[in-house]
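Please keep the sequence and the coordinates at hand.

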Amino acid sequence: MSNQSVQTVSTSNDKIKVVLAVVAAIAGVVGFFYLAGQPSLVRAAALVGGLLISAGIAYTSTSGREFLNFAKEAVRETKKVVWPTRKEATQITMIVFAFVLVMAVFLWGTDKLLEFLLYDVILGWKQ
C-alpha cells in the first residue's frame, strides 16, 4: 500500500460553481423556448443573459479558468495554421473529384466483371 496523499482535482466550491453555471445555461435555453410568444429580442435576451451569467459563474471556478486558457491556446494555434490559397484548394478539390470518379468507374467495372463471371460463366444463368 502507498501512503501518498491523493490530490483533489477540484474543491466542492468549484463543483458547485460548475453546476450553477450549467443550471444558468439551461435556464437561458429554457427561457428562450418558454418565451415563444414574446418578441424575438426578448427571447434572445433571455438566452444570451443565461449564457453570460453561466460564463461568469464558470469563470470564477478553477476549471472554468483552465477551460478559458485552453480556448485561448486553441485560438492561438489556429492562427498558426497555413491555409491553402484559393487556387490550391480548387486544384486539390478537382483531384479529389477525379479520384472519386476513377474509383466509381473501377468499382462498377469490377462489379460487372464479377457478375458476369458468377452468373454467366460459373452458374450458367442468363439475365
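**Exercise 1.** Determine how helix 1 and helix 2 are oriented towards each other, and which kinds of residue form their contact.

Solution. In this predicted model, the two helices pack with their axes 7 Å apart and at an angle of about 175°. Angles over 145 degrees count as roughly antiparallel, and helix 1 and helix 2 are therefore roughly antiparallel to each other. The residues of this contact divide into 15 nonpolar, four polar and two charged. On the side of helix 1 they include L20, A24, G28 and F32, while those of helix 2 include R43, L47, G50 and I57.

**Exercise 2.** Check whether the length of helix 1 agrees with its number of residues.

Solution. Helix 1 covers residues 12–34, which makes 23 residues.

**Exercise 3.** Identify the buried residues of helix 1, and what covers them.

Solution. The buried residues of helix 1 are D14, A21, A24, A25, G28 and G31. Their cover includes helix 2 (40–59) and helix 3 (62–79).

**Exercise 4.** Decide whether S61 is buried or exposed, and find what it touches.

Solution. S61 is placed in the loop between helix 2 and helix 3. Because buried means under 20% relative accessible area, S61 at 0% is buried. Leaving aside residues up to four places away in sequence, S61 touches D14, K17 and V18.

Terms used: Residues are numbered from 1 along each chain as its sequence is written. This is a predicted model: local features need pLDDT of at least 70, side-chain atom pairs count only at pLDDT 80 or more; totals for chains, interfaces and linings use all residues. Side-chain values use heavy atoms; hydrogens and water are left out. Helices (H or I, at least four residues) and strands (E, at least two) are DSSP runs, numbered from the N terminus. The expected span of a helix is 1.5 Å times one less than its number of residues. Buried means under 20% relative accessible area, exposed over 50%, partly exposed in between (1.4 Å probe, protein chains only). Contact means heavy atoms within 4.5 Å. Axes are lines fitted to C-alpha atoms, for helices over the stretch in contact, and angles run from 0 to 180 degrees between N-to-C directions. Angles under 35 degrees count as roughly parallel, over 145 as roughly antiparallel, 65 to 115 as roughly perpendicular and the rest as oblique. Ala, Val, Leu, Ile, Met, Phe, Trp, Tyr, Cys and Pro count as nonpolar, Asp, Glu, Lys and Arg as charged, and the others, Gly among them, as polar.
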